[in-house]
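Hi there,

Here is the structure I promised to pass on to you.

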Amino acid sequence: MARLRTLFALGLTASLAAATAQAAEGRLIHPADTDKDDRISRQEWVAYKLPAAEFDKADTNGDGLINGPEFVAWRQAQG
Ligand SMILES: [Ca+2]
Ligand SMILES: [Ca+2]
């Protein structure tokens with residue numbers, strides 16, 4: 001019984017590690033991210049001479065920051 005519990009704990013740890021790895025892959029590495037928090041703020045977006053109107057289109061979850069997946073989706077929408 002104790003052995004089963006240990007196996008379960010190991011499985012849980014492994015899935016948490018996988019989730020962390022996926023989040024890391026979603027990191028945004030972009031020169032506009034001048035404070036290197038892996039998000040582009042509105043100030044960073046405008047400072048990088050990107051159109052302010054496009055910020056709202058790119059920020060699909062409306063949290064005021066462009067994360068990696070949002071930026072990739074916006075770039076793909078640009079064609
Ligand atoms: Ca930033
Ligand atoms: Ca966002």
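**A look at His-30**

You will find His-30 in the loop between α1 (2-25) and β1 (40-41). Leaving aside residues up to four places away in sequence, His-30 touches Ile-40 and Phe-71, where contact means C-beta atoms, placed from the backbone, within 7 Å. His-30 and Ile-40 are 10 residues apart along the chain, and 8.4 Å separates their C-alpha atoms.

Please keep in mind that this is a predicted model: local features need pLDDT of at least 70 and side-chain atom pairs count only at pLDDT 80 or more, while totals for chains, interfaces and linings use all residues. Residues are numbered from 1 along each chain as its sequence is written, and chains are lettered from A and ligands numbered from 1 in the order in which they are written.

Ile-40 also belongs to the largest nonpolar core, together with Trp-45, Ala-58, Leu-65 and Ile-66. Such a core is a set of buried Ala, Val, Leu, Ile, Met, Phe, Trp, Tyr and Cys residues joined through C-beta atoms within 7 Å. Ala-58 touches Ile-66, Glu-70, Phe-71 and Trp-74, again not counting residues up to four places away in sequence.

As for the whole protein chain, 14% of its 79 residues count as buried. The pattern along the sequence is α-β-α-α-β-α, with helices (H or I, at least four residues) and strands (E, at least two) taken as DSSP runs numbered from the N terminus.

Enjoy exploring!

Key:
Buried ≥ 20, exposed ≤ 12 C-beta atoms within 10 Å, placed from the backbone. Contact = placed C-beta atoms within 7 Å.
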